Amino acid sequence: MQRLWLRWLVLALFCVVVVVAFVTLGRWQLSRLEERRAENAQVEAQRQAPPVGVDEALGDEVADAEQWRRVELTGEFDAGQQVHVRNRRNGEVRGFEVLTPLRLADGRSVWVSRGFVAETRGIPETLPAPPAGEVDVLGWLRRNEQGREALITPAQGSVRLVNTPALASTVPYPVLTTGWVAAFEITPVDPQPGYAALDPVQPPAPTEGNHLSYALQWFAFTAIAVGGVVVLVRGDLRERRRERAGAPD
């Protein structure tokens, strides 16, 4: 009987560790679900808000909570300073973005992603030229992306992440470094001859991911672990009763 008690003690300790771990993981997945729902609500609120000008949008460093606010700008694109932003996603599509400085009337400039090109269309030797002359831009406010120096530093007209302080050194005039804008409407539209118009960059889809199903799985594993220990203990008790019943008087 002493061996059974030792076995049950080990099973109980194992069950406690497993239950604590699985419940913690399940609760973490539920917290991630709440975070995702809050992010979705934040993006939707920003999308529905009226567009703002450059001073309100880029007067201070853009924070996560400010992303995807609509911004309106007027200026002239500088085709000579374009940057190819590689390895991007637009929804489920892979490709690249074309980043071009927009020179405002007051002398300042803003980095604007003019749009997205699916990788199936290939990377042209010359990036598509922007419309000539003054344009009106409606776009999404974006924060600076962070990463290793190799990812944010342009090389041969290409960069992996959009970090405006790192990009500022590539142009011979002042550029705002608090954030950037992803255009979804440019007026007038004047794509380079022979090159299809760029696709607007889309805000993230309001999905909740697999957090709920993962949480339910962890809670199910918890129930399985507890049930398994109960089955083992009941089996030991039945075996013990059979031994007693078969023992001679």
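These are my notebook entries on one predicted model, written down as I looked things up.

**Entry 1: the overall layout**

I started with the whole chain. I find five helices and seven strands in the chain. Reading from the N terminus, I get the order α-α-β-β-β-β-β-α-β-α-β-α. The chain has 249 residues, and 37% of them count as buried. I also looked up the accessible surface, which comes to about 14600 Å². Carbon and sulfur atoms own 56% of that surface.

Next I asked how far along the sequence the contacts reach. Taking contacts between residues at least 6 apart in sequence, I see that 70% join residues at least 24 apart.

**Entry 2: a nonpolar patch**

Which residues form a nonpolar patch on the surface? I get Leu6, Leu9, Val10 and Leu13, with about 400 Å² of accessible area together. I checked where Val10 sits, and its place is in helix α1, which covers residues 2-48.

Glu72 is found in strand β1. Its relative accessible area is 42%, so I put Glu72 down as partly exposed.

The C-alpha atoms of Glu76 and Pro131 are separated by 8.3 Å, although the two residues are 55 apart along the chain. Pro131 lies in the loop between β4 (109-118) and β5. Is Pro131 buried or exposed? I have Pro131 as buried, because its relative accessible area is 7%, under the 20% cut-off.

Side chains of opposite charge can pair when their charged atoms come close. I searched the whole structure for such pairs and found six salt bridges.

Arg88 kept turning up. Arg88 forms a salt bridge with Glu97, and the closest N and O atoms are 2.9 Å apart. Arg88 also meets Glu145 in a salt bridge, with 2.9 Å from N to O. Why does the Arg88 and Glu145 pair tie together parts that are 57 residues apart in sequence? Because Glu145 lies in the loop between β5 and α3 (149-152), while Arg88 is in strand β2 (residues 83-90).

I wanted to know how covered these residues are. Arg88 counts as buried at 8% relative accessibility. Glu97 is buried as well, with a relative accessible area of 4%. Glu145 is likewise buried.

**Entry 3: the Asp106 network**

Which residues are linked with Asp106 in a network of salt bridges? I wrote down Asp55 and Arg108. For the pair Asp106 and Arg108, the closest N and O atoms are 2.7 Å apart. Asp106 counts as partly exposed at 49% relative accessibility. Arg108 is partly exposed too, with a relative accessible area of 27%.

Most residues other than glycine have a negative phi, and most peptide bonds are trans. With that in mind, I went looking for exceptions.

What kind of peptide bond joins Thr187 and Pro188? I find a cis bond, with omega about -5°. Pro188 lies in the loop between β7 (180-187) and α5 (211-246).

Trp68 has a phi near 70°, a positive value in a residue other than glycine. I placed Trp68 in the loop between α2 (54-58) and β1. Trp68 is buried, with a relative accessible area of 8%.

Methods. Residues are numbered from 1 along each chain as its sequence is written. This is a predicted model: local features need pLDDT of at least 70, side-chain atom pairs count only at pLDDT 80 or more; totals for chains, interfaces and linings use all residues. Side-chain values use heavy atoms; hydrogens and water are left out. Helices (H or I, at least four residues) and strands (E, at least two) are DSSP runs, numbered from the N terminus. Buried means under 20% relative accessible area, exposed over 50%, partly exposed in between (1.4 Å probe, protein chains only). Patches are made of residues with over 30% relative accessible area and no salt bridge: like charges are joined within 9 Å, nonpolar side chains (Val, Leu, Ile, Met, Phe, Trp, Tyr) within 5 Å. Accessible areas come from the Shrake-Rupley method with a 1.4 Å probe; for residues, only the protein chains shown count as cover. A salt bridge is a side-chain nitrogen of Lys or Arg within 4 Å of a carboxyl oxygen of Asp or Glu. Contact means heavy atoms within 4.5 Å.
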